[in-house]
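Okay, thanks for coming, everyone.

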Amino acid sequence: MVLAVGGDGIAGCIGGALSGTGTLYGLVPAGRGNDFARALGLPADPAGLARVLLHGEPRAVDTIEVTSAVHDRVVVLGSVYAGIDALANRHANHARLLRGTASYYAGALRAVTTWRPTRYRVTVDGTEHAYTGYTAVAANSGYYGSARLIAPGARLDDGLLDVVMIHDAPRRLFFSLMKELDTGGHVHRPQVHVVRGREIRIETDREVPYGADGEVDAALPVTARVLPGALRVLC
């Protein structure tokens, strides 16, 4: 068994390395967001978490293979997101005075005020979706960005990625939409389109960053492909 202690970056890095090996994986959430641990339903209290790690049953969950010009092939756990959220996360990761949820709010505010309209081309299992908007997210976990429920219908073990595409909207409306990420209510807005698929290609008409599992270090285009049941996790 391999035990990872950290946030989503550590969870994704180690879990991705174990994907496909059959190794049993345990997770101690100790970061800012802990979104993958949240999707697994891991207890927040130490005693409850200890019981899971000592006596929990293994569960096979999906992982995501990511390929791009920067990454020949890496495997991550939670989601791949490309757009204003990746820019916000980059700002949050570089915040020196703020920690936790506050750093994500500040990062999001900075990203929104500087964002320019972007033309997306998102190909899901061969079907192309073209739109002008803010982001495209290929979600294995429902959560990202410190408990934001970006994809309320996503499941860790269904062999599919939920693809959330947020189209162009006035900034005042976008702020309301961001608030709805707390509950997942944003998916009912006409500016949000959700589909499911196994392989997703995200491209844009200008240089846009993408991130995965809380880490941002590359630009589009990127391809994400689900690896069904590739990781055995204690939960």
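I'll go through a helix, a surface patch, some ring contacts and then the salt bridges.

A quick word on what we're looking at: this is a predicted model, so local features need pLDDT of at least 70, side-chain atom pairs count only at pLDDT 80 or more, and totals for chains, interfaces and linings use all residues. Residues are numbered from 1 along each chain as its sequence is written, and side-chain values use heavy atoms, with hydrogens and water left out.

Let's start with the helix. H6 covers residues 171-180, and in it Leu173, Phe174, Leu177 and Met178 are buried. Buried here is under 20% relative accessible area, exposed is over 50%, and partly exposed is in between, with a 1.4 Å probe and protein chains only. Helices are DSSP runs of H or I with at least four residues, strands are runs of E with at least two, and both are numbered from the N terminus. Looking down the axis of H6, the buried residues fall within an arc of 145°, so they line one face of the helix; that arc is taken from the directions from the helix axis to the C-beta atoms. You know the background: an α-helix has 3.6 residues a turn, so residues three or four places apart point the same way. On the face of H6 turned away from the buried side, you find the exposed Arg172 and Lys179.

Now go to the start of the chain. Met1, Leu3 and Val5 make a nonpolar surface patch of about 300 Å². Leu3 sits in strand E1, residues 2-6, and at 45% relative accessibility Leu3 counts as partly exposed.

Next, rings. How many aromatic pairs does the structure hold? Three, where a pair means ring centres of Phe, Tyr or Trp (its six-membered ring) within 6.5 Å, with planes under 30 degrees apart called stacked, over 60 edge-to-face and the rest tilted. In one of them, Tyr81 and Tyr144 have centres 5.5 Å apart and planes at 80°, so that pair is edge-to-face. Tyr81 is in strand E5 and Tyr144 in strand E8, 63 residues apart, and both are buried. Tyr120 and Tyr131, on the other hand, are stacked, at 5.2 Å centre to centre with 5° between the planes. That pair links strand E6 to strand E7. Tyr120 is buried at 1% relative accessible area, and Tyr131 is buried at 3%.

There are charges over rings, too, meaning NZ of Lys or CZ of Arg within 6 Å of the ring centre and within 35 degrees of the ring normal. Arg38 has its charged end over Tyr143, 5.8 Å from the ring centre, and Arg206 does this over Trp115 at 4.8 Å.

Last up, salt bridges: a side-chain nitrogen of Lys or Arg within 4 Å of a carboxyl oxygen of Asp or Glu. The count is nine. Among them, Asp157 meets Arg59 at 3.4 Å, N to O. Asp157 is in the loop between strands E9 and E10 and Arg59 is in strand E3, so the pair ties together parts 98 residues apart in sequence. Another joins Arg121 and Glu203 at 3.1 Å, and since these lie in strands E6 and E12, the pair ties together parts 82 residues apart.

And then there's Arg73 with Glu65, their closest N and O atoms being 2.5 Å apart. Arg73 is exposed at 51%, whereas Glu65 is buried at 12%. Together with Arg225, Glu65 and Arg73 are linked in a network of salt bridges.

How values were computed
Patches are made of residues with over 30% relative accessible area and no salt bridge: like charges are joined within 9 Å, nonpolar side chains (Val, Leu, Ile, Met, Phe, Trp, Tyr) within 5 Å. Accessible areas come from the Shrake-Rupley method with a 1.4 Å probe; for residues, only the protein chains shown count as cover.
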